[in-house]
Amino acid sequence: MVRTLARRAAGAAALLAAVGLVPAASAFAWRPTGPGTVALPVDPDPVTTSVTAPGLSLDAVSNSVVATATVHYTGLAADLIVAWGDGARTRTSPPIASLPGRPVPTAGSVVFQHVFAEGFGFPFIAHVSIISPATGRELVGRDVGIIPRYRVTQHAIEFSPLNHCDSIAEAYTEWVIVRPSGVLPNKEWHVDRYTGAGGVEVVLPDFKPLPDSAVTLETTAAAAPKVGYRAYESDPLVSEFFDPQFVDLNPRLGSRSVTLTYNEKHGADCHIQIRTRLDVQLLTPGLISGPVASQ
Ligand SMILES: [Ca+2]
């Protein structure tokens, strides 16, 4: 038992150490490389290795927070309990009595699915086990890594100067907002804004969206990028520059509004804001709705 737990802990540590290397927008599944050992790489259509007990074998895969366990059996249709490792359990329906002229199947498979609840301390290793209802003992089991994936939408970036940043001879300020390349490609927006020189009153802020600035991506919490935005006000001789700030797409931060205030470098008196809205959706790919499927 001690050795089993040690191996399991080692496998869990290996997987958790590898979590940061998982690319975004991939399907995840892990194959055991030895008893109790779990490792990357990622396979979008995995072929799992069964763990067997007499007359019984178990395949288990995960995709985001959805775990799928397939139990293959020989003999009479199995009355089984699947324990998912988070306290949840699923039990098969009792075996169906034979119909006249149709024998009870002596082999088959049953598919179970479970969705792990958000906020369970992801990522983690779920020990999926098949338990005998008669004895309460584990018949077969295996570990799967649960790493949630999310769809994160950053809606359009809205931009506004907070004050007039040019001389009193000019009524317009000329802005360049830059999203430097990173996970997303480089993009620039050139915006002339009337900010009212010469004592003309302009009510600021006056937010306007930057065209084609919305972004949607699928990511894990570990792989989620911070998207930088910097800006300058363009002048023939000396422009006003602002250091980059970041919109954090980490899904753990949840759906929310973000407002970033930029102050001109070197303490000069020019200020702008950008703001946006973030929406986060937990993905449950491959989830079959309704009761347990069997075949
Ligand atoms: Ca200017």
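T153 stands opposite D279 in strand β20, in a predicted model whose local features require pLDDT of at least 70, whose side-chain atom pairs count only at pLDDT 80 or more, and whose totals for chains, interfaces and linings use all residues. Residues are numbered from 1 along each chain as its sequence is written. The protein has 1 helix and 21 strands; helices (H or I, at least four residues) and strands (E, at least two) are DSSP runs, numbered from the N terminus.

**Pairing around strand β20**

- The T153–D279 pair belongs to the antiparallel pairing of strand β11 (residues 150-154) with strand β20 (residues 271-282), which comprises 5 bridges.
- Two strands are taken to pair if DSSP finds at least two bridges between them.
- Strand β12 (residues 158-161) also runs antiparallel to β20, joined to β20 by 4 bridges.
- Within that pairing, F159 has I274 of β20 as its bridge partner.
- Strand β19 (residues 256-263) is connected to β20 by 8 bridges, again in the antiparallel sense.
- N263 lies opposite H271 in β20.

**The open sheet**

- An open sheet is formed by 4 strands in the order β14-β13-β17-β18, with antiparallel pairing.
- Its edge strands are β14 (187-194) and β18 (240-248), each of which pairs on one side only.
- From one strand to the next, the twist averages 20°; axes are lines fitted to C-alpha atoms, for helices over the stretch in contact, and angles run from 0 to 180 degrees between N-to-C directions.
- Strand β13 (residues 172-179) and strand β17 (residues 226-233) run antiparallel and are joined by 4 bridges.
- W175 stands opposite E233 in β17.
- Strands of a sheet pair through backbone hydrogen bonds, in either a parallel or an antiparallel manner.

**Burial and contacts**

- Of the 295 residues of the protein, 27% count as buried (20 or more other C-beta atoms within 10 Å of the residue's own, with C-beta atoms placed from the backbone).
- Among contacts (C-beta atoms, placed from the backbone, within 7 Å) between residues at least 6 apart in sequence, 65% join residues at least 24 apart.

**Confidence**

- The mean pLDDT (the predictor's confidence in each residue, from 0 to 100) of the protein is 79, and 72% of its residues reach 70 or more.
- Confidence is lowest in strand β2 (residues 37-39), at a mean of 30, and highest in strand β15 (residues 208-209), at 98.
- The pLDDT is below 50 over residues 1-50, a stretch with 79 contacts in the model beyond near neighbours in sequence.
- Over residues 290-295 the pLDDT is likewise below 50, and this stretch has 11 contacts beyond near neighbours in sequence.

Definitions and conventions
Two residues are in contact if their C-beta atoms, placed from the backbone, lie within 7 Å. A residue is buried if 20 or more other C-beta atoms lie within 10 Å of its own, exposed if 12 or fewer, and partly exposed in between; C-beta atoms are placed from the backbone.
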